[in-house]
Amino acid sequence: VQRSLSQNPSLKVFPYRYAALQGQAETAGLRPAYELGFDAENVGGTGDFSGAGGAELTIALSSVIEMGDKRAARQGVISHSRSVLNASRQVESLALLGEVTRRYVDVLAAQEQVTLAGEAAQLASESLRIVKKRATAGATPEAEVKRAQAAAEQAKLALLSEQQRLAYLKVSLSALWGVTSPDFDKVEGDLFQFGEDVAFDLLYAKVEKNPAIEVFAAESRLKEAEIRLAQTQSSADISWSVGVRRLQETDDTALVAGFSMPLFSGKRNVGAVSTALAEKNQVLAERDVMLLDLHTQLFRAFHNRKQAIVAVEALRTAIIPALEQALVDTQVAYQRGRYGYLDYVSARQELLSARRTQIEAAAAALTYGAEIEQLTAEPLALTQYGEDNTFSGSSR
């Protein structure tokens with residue numbers, strides 16, 4: 001988790017986004033610029049205005065007086081944009097944490113599948129030895145030997161396939177911290193340790209603190225700032241200028257000054273204010289939709305996790321022990337000629353299938369647990385005690 005948070009490429013874009021906002025903040029804090037202007041009138045005409053003898057030359061300094069506290073409104077928009085970016089980064093980090101957990105579980109489950117495939121290959125070899133022994137004694141036809149040889153080879157292929165899948169999943173996991181060649185051989189962990197159950201209502205109470213919801217809260221505050229900025233545009237700015245005019249014909253100088261302001265700015269800005277208000281209301285509506293969607297996701301993950309745990313326990317305590325004993329009994333009966341080859345193979349495959357299902361169910365339980373942690377923004381180990389902790393790299 002620590003390596004992924006510090007090295008994942010998807011998080012490296014945020015410093016640049018912060019830098020871009022810092023540049024916008026510097027621009028938003030600027031006051032209106034000063035302008036230096038020069039005018040020349042009555043130059044290069046005809047008659048009395050030929051040449052530059054009757055020219056009027058003016059040099060003036062001008063700027064704008066912003067009304068309605070526009071500068072503070074601009075700075076407010078940038079400040080709330082930074083809050084949205086912070087929430088977005090938390091969402092991205094939380095999604096990354098969930099993905100790290102899921103891929104870690106995938107590798108852990110794949111290791112168990114490789115172990116199981118190795119045991120299946122050994123079991124197939126043992127079956128081949130037993131069949132050959134019976135064939136030598138004349139109790140089994142040669143066709144059963146061929147079938148047992150084919151089953152042993154298929155078991156070896158299945159083991160190779162699981163090993164290749166494990167290699168891919170290890171690469172997929174290490175890619176989360178930007179490494180293309182895994183620098184580890186295996187991962188540690190108990191695939192069948194699920195922790196205590198947590199009440200659904202307690203989990204859903206945490207969902208409202210999910211950074212995905214905080215994004216909408218931050219966007220709502222941003223929209224409020226944009227509304228204030230739009231409202232400031234209803235206050236007309238005052239343009240002013242002051243300068244010196246020289247009359248060449250009389251060799252005199254005089255001061256000039258002026259100001260101007262647009263009329264009916266408030267009426268012309270009504271549409272912009274309405275647009276900003278509508279966008280804020282849209283954010284609030286989208287937040288309600290997101291909460292409903294998160295409730296559905298949490299409900300699905302919660303009940304699927306419980307079902308997977310129930311399946312694992314049933315397989316561990318009842319199904320697999322019964323199938324293990326059945327395989328032992330069937331093998332003894334086959335060696336004594338009481339059962340046929342198909343009975344023996346079926347008992348073996350049923351046991352392997354049950355153990356494979358147990359691994360898949362355990363991986364599903366842990367994966368759904370990771371999804372619940374992502375939705376509630378904290379580990380299940382903390383949620384079950386009702387503690388209010390943030391789901392971060394340190395607490396994870």
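Predicted model: local features only at pLDDT ≥ 70, side-chain atom pairs only at ≥ 80, totals over all residues.
**Salt bridges, a helix pair and a surface patch**

Residues are numbered from 1 along each chain as its sequence is written, and side-chain values use heavy atoms, with hydrogens and water left out.

Which residue meets glutamate 119 in a salt bridge? The partner is arginine 355, at 2.7 Å from N to O. The two ends belong to distant parts of the chain, 236 residues apart: arginine 355 lies in helix 9 (residues 341-376) and glutamate 119 in helix 3. Here a salt bridge is a side-chain nitrogen of Lys or Arg within 4 Å of a carboxyl oxygen of Asp or Glu. Helices (H or I, at least four residues) and strands (E, at least two) are DSSP runs, numbered from the N terminus. Arginine 355 has 26% relative accessibility, so it counts as partly exposed.

The structure holds eleven salt bridges. Another of them joins the side chains of glutamate 279 and lysine 223, at 3.4 Å from N to O. This pair also links distant parts of the chain, with glutamate 279 in helix 8 (residues 270-335) and lysine 223 in helix 6 (residues 211-232), 56 residues apart. Are these two partners buried or exposed, or in between? Glutamate 279 is partly exposed at 30% relative accessibility, whereas lysine 223 is buried at 18%.

The side chains of arginine 316 and glutamate 313 meet at 2.7 Å, N to O. Because these residues are three apart in helix 8, about one helical turn separates them. Salt bridges that share partners also join Glu99, Arg102 and Arg103 into one network.

I turn now to a pair of helices. Two packed helices are described by the angle between their axes and the distance between the axes. The axes of helix 3 (residues 70-136) and helix 4 (residues 142-174) come within 8 Å and cross at roughly 165 degrees. Helix 3 is therefore roughly antiparallel to helix 4. Axes are lines fitted to C-alpha atoms, for helices over the stretch in contact, and angles run from 0 to 180 degrees between N-to-C directions. Angles under 35 degrees count as roughly parallel, over 145 as roughly antiparallel, 65 to 115 as roughly perpendicular, and the rest as oblique.

Finally, the surface. Tyr34, Leu36, Phe38, Ile59, Leu61, Val242, Val244 and Leu255 form a nonpolar patch with about 860 Å² of accessible area together. Patches are made of residues with over 30% relative accessible area and no salt bridge; like charges are joined within 9 Å, and nonpolar side chains (Val, Leu, Ile, Met, Phe, Trp, Tyr) within 5 Å. Accessible areas come from the Shrake-Rupley method with a 1.4 Å probe, and for residues only the protein chains shown count as cover. Which strands each supply at least two residues of the patch? They are strand 1 (35-41), strand 2 (56-65) and strand 3 (238-247). Leucine 61, in strand 2, is partly exposed at 35% relative accessibility.

Methods: Buried < 20%, exposed > 50% of the residue type's maximum accessible area, 1.4 Å probe, protein only.
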